[in-house]
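Student: Could you take me through one part of this model up close? I'd like to start inside and see who packs against whom.

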Amino acid sequence: MISKGVDNNVDRAAESIIQSTHQLGFPMAMEITQFLLNAQAVDGNVRKHAEENIRQFQEQNLPSFLFSLAAELANDDKPVESRKLAGLILKNALDAKEQHRKFELAQRWIALDPNAKAQIRACLLKTLSSPAHDARSTASQVIAKLAGIELPLKQWPELIEALLSNNNQLPAHTRQATLETLGYICEEVSPEVVEQDHVNKILTAVVQGMNSSESNNDVRLAATRALYNALSFAQANFSNDTERDYIMRVVCEATLSPEVKIRQAAFECLVSISSTYYEKLSPYIQDIFTITAKAVKEDEEPVALQAIEFWSSICDEEIDILEEYGGDLTGDSVIPCFYFIKQALPALIPLLLETLLKQEEDQDQDEGAWNIAMAGGTCLGLVARTVGDDVVPLVMPFIEENISKPDWRQREAATYAFGSVLEGPSPEKLMTLVNHALNFMLNALMKDPNNHVKDTTGWTLGRIFEFLHGSAYDTPIITQANCQQIITVLLQSMKDVPNVAEKACGALYFLAQGFEDSGSSSTQLTPFFQDIIQALLDVTHREDAGESRLRTAAYESLNEVVRCCTDETAPMVMQLVPIIMNELHQTLEAQRLSSDERDKQNELQGLLCGCLQVIIQKLGSSELTKYVFMQYADQMMQLFLRVFSCKSATAHEEAMLAIGALAYSTGSDFAKYMSEFYKYLEMGLQNFEDYQVCAITVGVVGDISRALEDKILPYCDGIMTQLLKNLSSNQLHRSVKPPIFSCFGDLALAIGENFDKYLMYAMPMLQSAAELSVQTSGADDDIIEYTNTLRNGILEAYSGVLQGFKGSAKSQLLMPHAPHILQFLDSLYMAKDLDDVVMKTAIGVLGDLADTLGGNAAPLIQQCVSSRGFLNECLQSEDNLVREAGEWAQLAIRRAISF
């Protein structure tokens, strides 16, 4: 971002000036230096007047305004401060974080007069030769933002050539700025936007700049950073052995540069290459091991961290390949697994274990700490997941040698190593070791004199309970013999310093989670249930509970303990209800809080609402407790409604989720709350800014629809109007739209044939979204994942509508929409990029259509591809749910056709 290195008042001024500007015009450029300087003045009145002048200039004459900013940035005679702000405002006039705003700004630039655009571009390119580093760097980023708008539209075609010709100029600072610009452009635009000829020339310029023969370190650093961004463009080049060898040689040479920033940037390139071009690494892996090992042992921390990250990245790649293809890495696998980690184990494990001894004194106190020891432990954990059992014999001697040493660093490193290898190896390989170590760990958590060791011990116990405890394991870790000792130690450790207490809460969380599947029968926790709840409540009341996430960890553990309660312990959870309600009530009564206190209060409200949600789900779903529990429903609802008057998105989310749970538990009785709750429901649906609140509210509409069924009818006009508005808005985050479609289905199921009045609005919207969702050619993984979520939402809407009209005389209103629905199913089948969830929902819709429309739809069904190929594919699926949905659809189709 441009604001790096720009002081806060520049940043604030730019933000203030750029807001709420819309209207355009065009005279000539004007002098704005003084305005820009005054906009950063200490005097509030001067600053406000200058901001107003700038805003007026922008609104009255946008092309002239943008040109004036570009001219200011390009003029070396102007003050540094005015140039900085000019560049920042210019960048903010072209780009924004919010997608809808970004789109609007791009359209605004595209519509500008071509002559004005040419002048602005010329100023920016000129600035790349400025002696002032800040001005050059700002211009680099603005040019890249313009490239992101223009290159996909085949505009500014001469840009790349202009930059490449710049790169041949003598001044080193111009070459540095040009390489920086090329890097930013590669970050900003998609590879398919740049012609291969230009890609080749960019890579040539970049790799030449990285070469050890380049005497200027600034140029070499800019080139190395540019290569990092350009790697995704280099598919063709990495497929050519000669070109790939040259690129890899230059990168490896750069890891040996005398300049630490260049070495770090070169290792960052290697990390990126490891994930982007994993399948091309074989010829280089031995040399890379030598380079990374030297860096880990001898280099400065920023470089060593990247060297470790290379091996973590290789682990990620191999874990993904092995998970996707299992042990069957035959001709089916797109990328073969080269087992680099397995081959490197004998040398890699000692290297990583050595890093564990490089702890920082206070890293256990710092939530954001990241150092060589932590990176090494993280990599060791990934290695264990990659190679499984093979890691254990290589790590155990280090653990046994160091676990009892007088030096805390050795004890902590041994404990960290043990905790790191608990995920990956088989239970059979670990059980004996863990049973042997458990008593030692419990003693260390209580008695070790060093807090850092206790912190890591608590984390390791949590990992033991997470990965080796539960109903799935034949040999239980938790027994009648050791359970009391485990609980006693964990509850005692919750009184320790905050970071140790937080780890003890985490260990208790996983301990409780292991009993979640035990149903209504007693567990080893039952005798200690009351003590556990009380201890966790005590933690939440600690004066220092705000440190090290302690309060949050205590509530998360309390929630998990509630989830695993049995018929025997349910009365104790019932006693918890008025306690939590009272604490929530107290947060709502607090007056005259400082900003910091208000933030803490809002966080606490969210935690308390979250806790009540879990209690509602647990007690409200059991016939034994439901009746007694419902006496609290009215009071709870009133508390949740009061939370909405507080300005906290997190608290609103949690309150909304709790209300959803309450609706599910109370069923049709929830109707009595609707008149008061509806305005908050509407507010949630209108909350585009905190879009997670909006998404959760949409989900709660679904919960309420299922609870109230046709009693929701009086509110449907308002809800449907708002949902349709949300779908039409380009300001709402795209992730909220799939749940809205699902919500259509929930409402249709709830009100049945009464949904007929909304068909004319909902069905065209579903149809256009369906058509868009099948156009995924060339999409990346994130887009494909989102598209499948969108498809599933659309299909759930169709399913709900079809089921809602089943058996109704109005079902024939759906006949005009049947061809589009079947066409959508055919398109999905042809796309071949469905996940199992979408497949199941899609074949379910085919069955619903046959079931609801019967013989009338039979000819259409018989004509569609999905009624044959898709159906057969589902019937042969290895996924039971897909197969069952296929069988149901087959039955419904047969009935419709015979009818």
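Predicted model: local features only at pLDDT ≥ 70, side-chain atom pairs only at ≥ 80, totals over all residues.

**Around Phe-677**

Tutor: Setting aside residues up to four places away in sequence, Phe-677 touches Met-637, Leu-641, Phe-644, Met-656, Ile-659, Phe-670, Val-700 and Ile-704. Phe-677 also belongs to the largest nonpolar core, a set of 305 residues, where Val-383, Phe-465, Phe-677, Phe-744 and Phe-755 touch the most other members. The biggest giver to this core is helix H17 (residues 301-325), with twelve residues.

For a helix pair, look at H14 (residues 241-254) and H15 (residues 260-276): their axes come within 8 Å and cross at roughly 140°. An angle over 145 degrees would count as roughly antiparallel, so H14 and H15 are oblique to each other instead. On the H14 side, the contact is made by Met-248, Val-251 and Ala-254, while H15 brings Ile-262, Arg-263, Ala-266, Cys-269, Leu-270 and Ile-273. Sorted by class, that contact has eight nonpolar residues, one charged and no polar ones.

Now for another arginine, Arg-83, which sits in helix H5 (residues 80-92). Buried or exposed? Arg-83 has 5% relative accessibility, so it counts as buried. The side chain of Arg-83 makes a polar contact of 3.2 Å with the side chain of Ser-130. Beyond its neighbours within four places in sequence, Arg-83 is in contact with residues including Glu-72, Asp-76, Lys-78, Thr-127 and Ser-130, and also with Leu-73, Ala-74, Ala-132 and Ala-135.

Note on methods
Residues numbered from 1 in each chain as written. Heavy atoms only, no water. Core = buried A, V, L, I, M, F, W, Y, C linked by side-chain atoms within 4.5 Å. Buried < 20%, exposed > 50% of the residue type's maximum accessible area, 1.4 Å probe, protein only. Helix = DSSP H or I, 4+ residues; strand = E, 2+ residues; numbered from the N terminus. Contact = heavy atoms within 4.5 Å. Axes fitted to C-alpha atoms, helices over the stretch in contact; angles between N-to-C directions. Parallel < 35°, antiparallel > 145°, perpendicular 65-115°, else oblique. Nonpolar A, V, L, I, M, F, W, Y, C, P; charged D, E, K, R; others polar. Polar contact = N/O pair within 3.5 Å; in protein donor to acceptor, adjacent residues only side chain to side chain.
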